[in-house]
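Hello! I hope they are handy when you have the coordinates open.

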Amino acid sequence: MSFKTRVLTLSVAAFALGAGMAQADTWRYAFEEALDEVQGIYAQKFKEEIEANTDHEIQLFPYGTLGESADIMEQAQDGILQFVDQSPGFTGSLIPEAQVFFVPYLLPQDTETLASFFRNSKAINEMFPTLYADQGLELLTMFPEGEVAITTKEPFKTPEDLDEVKIRTMTNPLLVESYKAFGATPTPLPWGEVYGALQTNIIQGQENPMFFIESTKMYEVTDYVTRIGHNNFTTAVMANKDFFEDLSDEDRQAIRDAADAAFAHIIDYQKGLTEASVEKIKEAKPSMTFTTLSEEERQPFKDAAGEVEAKFLEMTGDSGKEILDQMKEDLKTAEDATQS
């Protein structure tokens with residue numbers, strides 16, 4: 001355990017005792033965003049459901065309360081936290097197959113198809129839980145957070161325009177490969193350093209869903225928002241596996257029910273969220289330029305996606321191929337269901 005995590009562990013323990021949290025009926029849940037952002041909205045609904053249907057309470061820890069993403073994952077695996085919400089972008093080092101969510105142009109843009117996929121996917125609901133269990137985690141759900149857009153200091157429409165442009169990425173090998181394929185210079189950085197790095201021109205761009213670009217004020221240090229349609233941000237809610245398995249059948253079912261209710265709530269919450277965020281950015285910074293690439297303009301980026309998919313298979317072998325093949329089948333099923 002790192003020194004930073006040891007300090008955080010002691011701090012959480014002290015806080016827990018001070019707040020009367022030593023009792024087993026209070027559970028701790030950390031996530032990677034603020035309370036009023038998508039993960040926070042999901043967490044609040046999950047808390048509401050647990051507290052309405054069990055004797056237990058949920059203590060929420062938004063981003064920064066307990067450190068960076070690596071810190072809260074370590075705390076969840078150690079049992080300091082009972083629940084954690086973290087993007088597969090960060091768990092990719094623990095679970096290489098989770099990087100599949102960064103294969104460009106794999107996930108659809110249609111929100112109904114996307115919701116159907118996440119709700120019913122065999123890959124997500126039957127295959128991924130085993131991989132997470134190997135890391136001491138009980139996978140409760142995965143859900144989308146919105147189309148990923150790229151903010152930059154200069155405009156771009158082609159991979160050639162991104163030559164020597166440093167784009168911040170999560171510390172995820174496949175995301176790094178994606179931006180290499182897109183012609184940029186991927187630059188992994190912890191989230192807490194991104195605003196300052198853009199401000200000082202250490203990097204010239206970053207990617208995130210529109211609501212996050214608005215709420216974190218990334219528009220203040222960039223001038224262009226470009227939608228190339230390459231991805232939808234995905235996150236995963238997990239429980240510490242030992243904690244989960246030690247619960248009664250009733251409590252385990254209540255957690256699953258709360259996760260399902262929060263999933264339905266967050267899908268509904270996100271309707272119109274991207275458009276509302278665009279309007280807020282335009283109001284805050286009228287000079288901000290928004291560009292949505294046409295299908296023809298996207299084609300060179302789509303062509304690069306094959307190279308990234310090949311890298312994913314190289315990184316993950318047979319297990320990655322099984323996951324990818326199942327996801328493609330699940331996506332086709334979701335598409336057929338929403339079109340029927």
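1. **Ground rules.** This is a predicted model, in which local features need pLDDT of at least 70 and side-chain atom pairs count only at pLDDT 80 or more, while totals for chains, interfaces and linings use all residues. Residues are numbered from 1 along each chain as its sequence is written, and side-chain values use heavy atoms, with hydrogens and water left out.

2. **Helix α2.** Helices (DSSP runs of H or I, at least four residues) and strands (E, at least two) are numbered from the N terminus. Helix α2 covers residues 38-53, 16 residues in all, and spans 23 Å from its first C-alpha to its last. That is close to the 22 Å expected at 1.5 Å a residue, where the expected span is 1.5 Å times one less than the number of residues. Buried residues of α2 include Val38, Ile41, Tyr42, Lys45, Phe46 and Glu49; buried means under 20% relative accessible area, exposed over 50%, and partly exposed in between (1.4 Å probe, protein chains only).

3. **Salt bridges overall.** The whole structure holds 16 salt bridges, each being a side-chain nitrogen of Lys or Arg within 4 Å of a carboxyl oxygen of Asp or Glu. Back in the residue range of α2, Lys45, Glu48 and Glu49 are linked in a network of such bridges.

4. **Lys241 and its partners.** Lys241 bridges to Glu138, with the closest N and O atoms 2.6 Å apart. Because Lys241 lies in helix α10 (residues 241-246) and Glu138 in strand β4 (residues 137-152), the pair ties together parts that are 103 residues apart in sequence. Both Lys241 and Glu138 are buried. Lys241 also meets Glu245 in a salt bridge, at 3.3 Å from N to O. Those two residues are four apart in helix α10 and so are separated by about one helical turn. Lys241 has a relative accessible area of 17%, whereas Glu245 is partly exposed at 45%.

5. **Glu295 and Lys302.** What is the N to O distance in the salt bridge between Glu295 and Lys302? The closest atoms are 2.8 Å apart. Glu295 is partly exposed at 47% relative accessibility, and Lys302 is partly exposed at 29%.

6. **Aromatic rings.** There are 17 aromatic pairs, where rings of Phe, Tyr and Trp (its six-membered ring) pair if their centres lie within 6.5 Å; planes under 30 degrees apart count as stacked, over 60 as edge-to-face and the rest as tilted. Tyr29 and Phe31 are edge-to-face, 6.0 Å centre to centre with 80° between the planes. Tyr29 is buried at 0% relative accessibility, and Phe31 is buried at 1%. Phe117 and Phe118 also pair edge-to-face, at 5.2 Å and 75°, and both are buried.

7. The structure has five cavities of 30 Å³ or more. On a 1 Å grid over the protein atoms alone, a cavity is a set of points where a 1.4 Å probe fits but cannot get out, and lining residues have an atom within 4 Å of a point. The largest cavity holds about 170 Å³. Of the 14 residues that line the largest cavity, the closest to its centre are Glu32, Phe90, Trp191, Phe212 and Phe233.

Definitions and conventions:
1 Å grid on protein atoms, 1.4 Å probe; cavity = no way out; pocket = protein on both sides within 12 Å on 5 of 7 lines; lining within 4 Å. Points joined across faces, edges and corners; volume = space filled by probe spheres on them.
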